[in-house]
Every structure is written in C-alpha cells, then in structure tokens.
Amino acid sequence: MSEYVEAEVSAGAAPAAVTPADAADAARLVAFGLQPKLQPARDQEYTELLRRYREDPVFARLADAVAAGLGLVVLEVSPRAGMAVTAAEDSVFAVRMGDYARRTSADGSDRFLHGLAHLAVAALAFPRPEDLADDGYIGRITVNGVDAFVRQACRRLEERAEELGENTDPATGAPGLEAAWRIWARRSATGATKDARRLAGSTTGIIGKAVVFLTDSGFLQRTGDEQGGTYRTTARYQLQVRDMAGSAAMAELLELGVVPVTDGTASLMPADDTEDLDLVADAGLPFHS
C-alpha cells in the first residue's frame, strides 16, 4: 500500500524548482550567443550548455525567457550556429541604420547607400530560395563583385524607369527625391587617392564597411584579398538573412532577376507577387529603421 502511495505521489509531483544556478546558466548561454565569433566547438562550457538546451525543455524555456527579456529573438540553437540570436526592434542590442551610417559619413544620402550595400550582400550571398533553405550552403562574395552586382541592378532599374516614363534626373542637391539606385549609380566606385586606397565614401568603400561590420558580427569570414576582399558566409548569417528574406526591399532586388557578375554560378530567381514594391531606405540587413 505504501509503495502505491509513494508511486502516486511521485507521478503527481511538481517539477523541480528552477534554481538561481539554473538562471545563471541560462543567462550564460545567452551571453555566449551574444559573442557571434565564438564557435561552440572551441568552448567546452558553451557546448555543454547547448546540449542542455536541446535535452532539457525546462532549461530551454528559461534560456528563451532570458533572451526575450533582453529583447532578443532566438533564431536557432544548434552545434553549427550556437545560440543564434537577433535583436528585436526595441532591444538595447538593436543596431540602427541611421546610427551606423552617421559613424561613416555626414552625408545624409549615404544612409541609403549603406542600406543598399547590406541588402546587396545578403542577396548575392544567398541568391536562390534553395540556398537559404540548405543548412549546408555557404555563400561567397567579393567587395568588387557586390559593387558590380548593384551597378547592374541600377542599370536594370534605370531601364525600367525609362520604360515607365519616370523622371530619371531629379533636381541636383535634393537627394531625398532620388531613389537609392540613382545615388549609387552616380557615386564613384573607388574614388581617387594618391596611394590607390579606396575612399570611404565610394561605393566599394561603403561595401567594405558593410562586410567588415558583418565579419565583426560573426556573419561573414574573410578568406582573401582578391577583388577588394573575399568572404564566405556563416550559419548565423544564413539564419539572419532567412529571417529577413520576406522584406519588401529584398523582394524588390530579387524581382529584377539580375545575374551575379563575378561570384558563383547561381542566378537570382524572381520572387512571387513583387509588383509595385518600393525599395525601403532602411532595409539593409541586419538593421532596424
């Protein structure tokens, strides 16, 4: 009889209470996730906390709650990506395009260009839907290749504007009236310096700033110096782009059907239902407006 009662009590027992040590471990896991360059395979504690997250639902919910409290969205928790998180719009960790652009130039029109650079890197790194869906896919880009890709897209947009009879030459000194592609097309690709360095305000300089930021954020890895700098994507960047792939700006760029000029063999596939989508000024990944 006593054995039956003990079994019944055990079956109906409340789950073990979460301890301060559990909360500390969950916060520690989120802290690892905020170190995007840290690879789980190189840190035993990180690897153990990831295993615990996958095997212990209570701990997983606790870690998710810690992340949510910090304004973070958990994209994936796995050995390949670690605890991949992205900042929600109201998070203290959110990076805003306006702040990012102001650190590089006082020219207000550059805000458009920096957003377009990030958008183009993402589109060229993962040009087809199947590339985003394939966890094993690694995208490769170069700084010069991204610039060539954007300029080809600019030509396509200019052709479309002419076909529609739109004004292709807005008033000088009024960049707010220009579409981002018009600003890009008018900007020098490299600028001119005596020592052959690319100017920060040139389009390749802007792309260079973007890829350095993405590398520092654990989204890209530099693989060489050719073509202005060569880079490969990481699992975290794939998750980030996958999360943002439905944006109107991404759809607008993909809808052009522009074939990458120098990188890889994949071609951009038109997205469905992309008519009349405007290129969003602050849609550069992974920023908030």
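1. Arg 222 is partly exposed, at 42% relative accessible area (partly exposed lies between buried, under 20%, and exposed, over 50%, with a 1.4 Å probe and protein chains only). Its side chain meets that of Asp 225 in a salt bridge, 2.8 Å from N to O (a side-chain nitrogen of Lys or Arg within 4 Å of a carboxyl oxygen of Asp or Glu). Asp 225 is exposed, at 60%.

2. A word on what you're looking at. This is a predicted model, where local features need pLDDT of at least 70 and side-chain atom pairs count only at pLDDT 80 or more, while totals for chains, interfaces and linings use all residues. Residues are numbered from 1 along each chain as its sequence is written, and side-chain values use heavy atoms, with hydrogens and water left out.

3. On confidence: mean pLDDT (the predictor's confidence in each residue, from 0 to 100) is 75 for the chain, with 66% of residues at 70 or more. Residues 1–13 stay under 50 and have zero contacts beyond four places in sequence (contact means heavy atoms within 4.5 Å). Residues 170–178 also stay under 50, but there the model has nine such contacts.

4. Arg 28 and Glu 45 pair up at 3.4 Å, N to O. Arg 28 sits in helix α2 and Glu 45 in helix α3, so the pair ties together parts 17 residues apart in sequence (helices are DSSP runs of H or I, at least four residues, and strands runs of E, at least two, numbered from the N terminus). Glu 76, Arg 80, Asp 135 and Arg 242 are linked in a salt-bridge network.

5. Now the inside. The largest nonpolar core has 34 residues, and Ile 141 and Tyr 237 have the most contacts inside it (such a core is a set of buried Ala, Val, Leu, Ile, Met, Phe, Trp, Tyr and Cys residues joined through side-chain atoms within 4.5 Å). Helix α6 gives the largest share, 10 residues. Apart from this core lies another, of 19 residues, including Leu 29 and Phe 59.

6. Tyr 237 is worth a click: leaving out residues up to four places away in sequence, its contacts include His 118, Val 121, Phe 126 and Leu 214.

7. One glycine to look at: Gly 208 is in helix α10 and counts as buried, at 6% relative accessibility. Gly 208 and Val 146 are 62 residues apart in sequence and 9.9 Å apart in space, C-alpha to C-alpha.
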